[in-house]
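Q: Hi, I have a structure open and want to talk it through. Can we start with the charged pairs and go on from there?

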Amino acid sequence: MGILEKIYDKSPIFVQNLMVSVSGFQRNKSRYGAVYYDYLAFLRRFDNLTMKEKIEYQQKELINFIKYACDKSPFYSDLYKDINLNQIQTVDDLKKLPIIDKEMLRSNIERVNTISRKVAVEGHTGGTTGKSLVVLFTPEDMMKRMAMLDHFKSRVGFKHLKMKRATFNGKHIIPPKQITKVFWRYNAACKQMIYSSFHLTEQNMKYYVNSLNRFKPQAIDGFFMSMCDIASFIERHNIKLEFTPIAIFPTSETLTQSGRELLERVFKCKVYDQYASSEGAPFVTECKDQVLHMELASGVFEHFEEGNDEVLVTSFTTHGTPLIRYRIGDAMKFDCFNAKCSCGLEKPIVKEIQGRKLDFLYTADGAKVNGGNVANLFKNMPNALIRAQTVQEKMDEIRIYLEIDQDRYKKEYDELLKDEFKHKFGEKTNVIIEHVDEISREKSGKFRMIINCVES
Ligand SMILES: [Zn+2]
């Protein structure tokens with residue numbers, strides 16, 4: 001632990017708020033500089049271009065980016081040494097280039113990188129996939145990524161840095177020995193109240209809700225499951241909210257339909273999803289009508305192969321650790337390229353983003369059941385479940401941990417749930433249900449509904 005953390009942990013809360021804000025102002029310098037504002041203005045203009053103009057821009061960027069990677073990255077210049085790069089003029093031509101995967105990136109990372117760590121902004125990735133990886137962003141790319149994210153929010157009315165937001169994340173802001181029930185800190189640099197995801201227990205929940213009611217955020221962002229926990233508590237206890245946010249912007253966890261409906265019902269505003277991984281993938285964002293669109297200015301999405309929804313990404317904001325035809329491990333269903341959306345934005349539509357590859361359970365026969373389908377199995381117990389987690393250690397056995405609401409949970413729900421699982425997974429799967437006081441979170445503060453330990 002660093003000296004600053006030690007001082008932080010021993011300081012009174014108002015000093016901690018000050019320290020959070022000071023570091024927030026410092027971070028803002030690297031995130032919201034001139035490049036950020038220029039790119040934000042560009043993105044506004046870009047939205048108004050026709051599809052043809054957008055594709056032309058994307059192709060130009062693509063050609064430049066591949067040249068850059070080949071010039072600056074020893075890994076890519078080796079990889080492409082027998083390929084005539086002048087052949088690559090369109091997105092379709094990308095097929096002439098080899099695919100790279102996470103293991104290739106990890107084992108060659110020094111030769112992939114084009115900049116030194118000293119001048120880079122680091123991106124950490126890999127928690128759920130088991131491989132941890134540090135990718136490097138140039139400060140300019142980081143600002144562009146921030147602009148992309150804030151532009152997406154501004155389309156539905158949220159003004160970053162001008163409006164108040166509540167964030168649920170995995171930052172360690174609460175000292176381990178704290179006794180008072182204050183599980184949040186204020187970052188004045190972003191008008192942001194940061195709420196700890198680590199302390200969201202049934203006993204603490206009321207303090208969070210009171211704080212939200214006092215703070216009255218105009219948007220809520222961060223971990224999806226944490227927001228769902230809060231919303232479920234508010235609904236179960238019939239608590240009146242004294243604010244209505246403009247929007248909710250979850251990050252870093254796969255959304256479930258039932259969770260989304262819960263948030264919209266409780267907070268009385270829409271949830272807008274977006275996709276952009278910590279490795280630096282291009283963006284997919286939801287428009288005001290909650291349809292997912294590819295952001296053509298940010299890069300290229302391709303399918304891995306015909307009939308396989310897994311995507312390959314080429315991302316224009318990865319000059320530090322270039323990603324070209326990178327097999328990121330996520331899957332998406334694309335709509336036909338020219339499909340129109342009611343929002344009026346001319347951008348390709350993504351029908352569905354499927355969860356991380358590891359977000360699934362196996363049937364006894366080895367077939368995969370994805371996270372969305374697993375989540376659906378819990379929906380017939382309205383408000384009776386506080387949290388559920390499924391753990392698979394053997395191909396033919398699923399263990400379900402339940403944190404239940406004692407007042408609402410009915411005895412027969414265990415059998416009902418078992419039936420649902422048997423129906424989905426087959427009779428050969430042994431389903432074990434355990435009621436626990438609390439399901440533990442990941443080190444990152446995220447909650448995982450599915451833990452799959454079976455080697456694939
Ligand atoms: Zn749209």
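This is a predicted model: local features need pLDDT of at least 70, side-chain atom pairs count only at pLDDT 80 or more; totals for chains, interfaces and linings use all residues.

Q: Is glutamate 397 buried or exposed?
A: Glutamate 397 counts as buried, because its relative accessibility is 16% and the cut-off for buried is under 20%. Lysine 394 is partly exposed, with a relative accessible area of 45%.

Q: How many salt bridges does the structure hold?
A: The structure holds 27 salt bridges. One of them joins glutamate 286 and arginine 260, at 2.6 Å from N to O. That pair links distant parts of the chain. Glutamate 286 sits in strand S11, residues 284-286. Arginine 260 sits in helix H11, residues 257-267. They are 26 residues apart.

Q: And are glutamate 286 and arginine 260 buried or exposed?
A: Glutamate 286 is buried, and arginine 260 is buried too.

Q: What does lysine 333 pair with?
A: Lysine 333 forms a salt bridge with aspartate 309, and their closest N and O atoms are 2.8 Å apart. Lysine 333 counts as partly exposed at 33% relative accessibility. Aspartate 309 counts as partly exposed at 22%.

Q: Which residues are linked in a network of salt bridges?
A: Asp47, Arg155, Glu295 and Lys347 are linked that way.

Q: New topic. What coordinates the zinc ion?
A: The zinc ion is coordinated by Cys287 (SG), His293 (NE2), Cys341 (SG) and Cys343 (SG), at 2.1 to 2.3 Å. In sequence, the donor residues are spaced C-x5-H-x47-C-x1-C.

Q: Why does the pair of histidine 293 and cysteine 341 tie together parts that are apart in sequence?
A: Look at where they lie. Histidine 293 is in strand S12 (residues 292-294), and cysteine 341 is in the loop between strand S15 (323-334) and strand S16 (349-354), so the pair ties together parts that are 48 residues apart in sequence. Histidine 293 and cysteine 341 are both buried.

Q: What is the geometry of the zinc ion's site?
A: The site is tetrahedral, with angles of 105 to 118 degrees among its four donor atoms. For four tetrahedral donors, the ideal angle is 109.5 degrees.

Q: Zooming out, how is the chain divided into domains?
A: Domain 1 covers 3-30 + 157-271, domain 2 covers 73-148 + 278-354, and domain 3 covers 360-452. The centres of domain 1 and domain 3, taken over C-alpha atoms, are 27 Å apart. Their contact takes 19 residues from domain 1 and 15 residues from domain 3.

Q: How much do domain 1 and domain 3 bury between them?
A: Domain 1 and domain 3 bury about 1400 Å², with 50% of it on carbon and sulfur atoms. The count of salt bridges between domain 1 and domain 3 is two.

Q: Last one. Where is leucine 161, and what is its phi?
A: Leucine 161 is in the loop between helix H8 (139-155) and strand S4 (165-169). Its phi is positive, about 75 degrees, although leucine 161 is not a glycine. Most residues other than glycine have a negative phi.

Note on methods
Residues are numbered from 1 along each chain as its sequence is written. Side-chain values use heavy atoms; hydrogens and water are left out. Donors are N, O and S atoms within 2.8 Å of the metal (3.2 Å for Na, K and Ca); water is not among the atoms, so sites may look incomplete. Four donors count as tetrahedral if all angles lie between 85 and 135 degrees; four count as square planar and six as octahedral if opposite donors are over 155 degrees apart and all others between 65 and 115; anything else is irregular. Helices (H or I, at least four residues) and strands (E, at least two) are DSSP runs, numbered from the N terminus. Buried means under 20% relative accessible area, exposed over 50%, partly exposed in between (1.4 Å probe, protein chains only). Domain bounds come from an automatic or database domain assignment. Contact means heavy atoms within 4.5 Å. Buried area is the accessible area (1.4 Å probe) that two parts lose on being put together, summed over both. A salt bridge is a side-chain nitrogen of Lys or Arg within 4 Å of a carboxyl oxygen of Asp or Glu.
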